[in-house]
Amino acid sequence: MAEAFKFELVSPERLLVSEQVEFVVIPGVDGEMTVLAQHAPVMTMIKPGVVTVKTAAGAEERYVVFGGFADILPSGCTLLAESATHVNDIDRADIARRIQEAREDAADAKDDEARAKAEQFLSQLTTLEGALLPA
Amino acid sequence: MASLKDLRNRIASVKATQKITKAMQMVAAAKLRRAQEAAEAARPYSERMGAVLANITQAIGDGGDAPALMRGTGKDDVHLLIVCTAERGLCGGFNSQIARLAREHIRRLLSDGKQVKIICVGKKGYDILRRDYGSLVLERVDLREVKTLGFGNADAIARKVINLFNQDGFDVCTLFYSQFKSVISQIPTAQQIIPAAQASAAADTGNGAGGAVYEYEPEPGEILSDLIPRNIAVQIFRALLENAAGEMGAKMSAMDNATRNAGDMINKLSITYNRQRQAQITKELIEIISGAEAL
């Protein structure tokens, strides 16, 4: 069995996960990455997506996060999510609402930079929706 | 002297009031527990955020590429005060304490010739500050409809503040709220959130993770420019949560006092009532006896 390390998933409202895990898959802005124990220190931004956690006990949990940060150290990994939900509790209406908001943001962005950012966020959200909905 | 009937009515009305204050106290106690839990649940995030921020600031060093939100504008002319108070009264000195601190601050800034702008979060603070500094209030944020405070509420306020900053609306931003110490003690606090440099410098001594050489994805500057606005939102969120817990604590003890006062009042009134009734009985007896003796 692979070496376990400490993983914490926190949203501003609460601490969702804090336990020993085998690996975590994080949707980084520059692509998905799998974090194992003894990972080199990395700090990365996160795009909206699914975080997969394999606990030391062997269970696999999936969480949906909407942007945030991951702070990875050899000794552990902390994920600061803007908002996080367990995949089972995800509400389709909520995602639809977020997409709607992102669309509005993109529509009334003032300059090109803001628009590009909003559109990128929107496309990430729609990908996420596509990934979740058939499930 | 009030008649017996008046006294009876008075006692009945004080009893009704006591029932209300008692109910309010119990409601406040229940809400306090929830607010406290929420405040505690939010703590890990803001702690980690502080640690991450400290790390990244170290990595960037004092180089010029720190975002403006962190460095400030280099000036100190226009101050923005975010005054967070409760939406409702009946919580003792809670709101007026925060307002008093803010007012002292405003007076000092104005006498130094600075320009002051105010954003009021919560109705009560606005009501108090409106009298003296109504013209300085840019905006008031109403959270009355909000049942449970979410991060979204804080984020909305933070976004407004950051927009204003980007339009050169102010140089320094200070957050006023009440720190929740315990049920009976809330400490009104002023906390500077923009520029954030000093705040994070204090945070980085506390964390042991410092010193590790990080890889950054994307560039540290880019992360930081995303992290700082978020940190502001987190600070505001924390202030709102502390406030919510403090308000309920203050309300609970205020209502506890009110209930006790009503009890004292009922006791006093009942004694007066009994005395008067006894006096009347005695008087009637005297009348009967002296009537009988006269025969």
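Two residues are in contact if their C-beta atoms, placed from the backbone, lie within 7 Å. This is a predicted model, in which local features need pLDDT of at least 70, side-chain atom pairs count only at pLDDT 80 or more, and totals for chains, interfaces and linings use all residues. Residues are numbered from 1 along each chain as its sequence is written, and chains are lettered from A in the order in which they are written.

**Exercise 1.** Find the residues that I236(B) touches, leaving out those up to four places away in sequence.

**Exercise 2.** Describe how chain A meets chain B.

*Solution.* Start with the totals: chain A brings 21 residues and chain B brings 23 residues. Strands 2 (15–28), 4 (42–46), 7 (68–73) and 8 (76–81) of chain A each give two or more residues. Strand 4 of chain A gives the most, with four residues.

**Exercise 3.** Which strand of chain B is joined to strand 4 of chain A, and in which direction do the two run?

*Solution.* Recall that two strands pair if DSSP finds at least two bridges between them. Here three bridges link strand 4 of chain A to strand 6 (residues 215–217) of chain B, and the strands run parallel. For one partner, look at M43(A), which is bridged to Y216(B).
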